[in-house]
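Here are a few notes to read alongside the model. Have the sequence and the 3D view open as you go through the points.

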Amino acid sequence: MTTKRTLIYIFLNVMLWHTLCSKAQPVTKIAAGGLHSLFLKSDGSLWGMGDNTLGTLGLGTFTQADQPLQITSNQITEIAAGWLDSFFLKSDGSLWAM
């Protein structure tokens with residue numbers, strides 16, 4: 001996928017996320033990976049969507065997520081997304097990778 005197509009894909013993911021969750025907890029941080037996106041909400045919950053063929057979203061499956069899915073429920077303070085991996089930092093200082 002070209003860089004332009006990747007950016008369009010990420011933009012559409014963010015717009016879908018905003019539309020689906022406009023009345024829910026606000027999103028405070030976004031991390032864009034190669035073909036997936038992570039969203040940190042104000043309640044500390046972590047959500048993600050996009051390509052998951054290598055378990056990039058940490059959902060315990062390898063199925064693509066076409067809509068935002070909750071990865072973990074609370075205590076997340078920071079997020080990062082690489083090309084084929086994802087990371088998050090919990091409030092206790094532990095680092096998790098997917």
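1. Let's start with the aromatic rings. This is a predicted model, and a search through the whole of it turns up one aromatic pair. The partners are Phe88 and Trp96: their ring centres sit 6.0 Å apart and their planes are at 0 degrees, so the pair is stacked.

2. Is each of these two partners buried or exposed? Phe88 has a relative accessibility of 7%, below the 20% cut-off, so Phe88 counts as buried. Trp96 comes out at 44%, which makes this residue partly exposed.

3. Next, the charged side chains. In general, side chains of opposite charge can pair when their charged atoms come close. Here the whole-structure search finds one salt bridge. It joins the side chains of Glu78 and Lys29, with 2.7 Å from N to O. The pair ties together distant parts of the chain, since Glu78 belongs to strand 5 and Lys29 to strand 1 (residues 27–32), 49 residues apart.

4. Now for the empty space inside. Rolling a probe the size of a water molecule over the atoms shows where such space is left. In this structure there is one cavity of 30 Å³ or more, and the volume of the largest cavity is about 40 Å³.

5. Which residues line the largest cavity? Its lining is made up of Gly34, Leu35, His36, Asp51, Thr56, Trp83 and Leu84. Sorted by class, that gives three nonpolar, three polar and one charged residues.

6. One backbone angle deserves a look. Gln75 has a phi near 70 degrees, a positive value in a residue that isn't glycine. You'll find Gln75 in the loop between strand 4 (65–72) and strand 5. With a relative accessible area of 44%, Gln75 is partly exposed.

7. Last, a word on confidence. The protein's average pLDDT is 85, and 83% of the residues score at least 70. Which elements have the lowest and the highest mean pLDDT? Helix 1 (residues 3–20) has the lowest, at 67, while strand 5 (residues 76–81) has the highest, at 96.

Note on methods: Residues numbered from 1 in each chain as written. Predicted model: local features only at pLDDT ≥ 70, side-chain atom pairs only at ≥ 80, totals over all residues. Heavy atoms only, no water. pLDDT = per-residue confidence, 0-100. Helix = DSSP H or I, 4+ residues; strand = E, 2+ residues; numbered from the N terminus. Phe/Tyr/Trp six-rings, centres within 6.5 Å; stacked < 30°, edge-to-face > 60°. Buried < 20%, exposed > 50% of the residue type's maximum accessible area, 1.4 Å probe, protein only. 1 Å grid on protein atoms, 1.4 Å probe; cavity = no way out; pocket = protein on both sides within 12 Å on 5 of 7 lines; lining within 4 Å. Points joined across faces, edges and corners; volume = space filled by probe spheres on them. Nonpolar A, V, L, I, M, F, W, Y, C, P; charged D, E, K, R; others polar. Salt bridge = Lys/Arg side-chain N within 4 Å of Asp/Glu carboxyl O.
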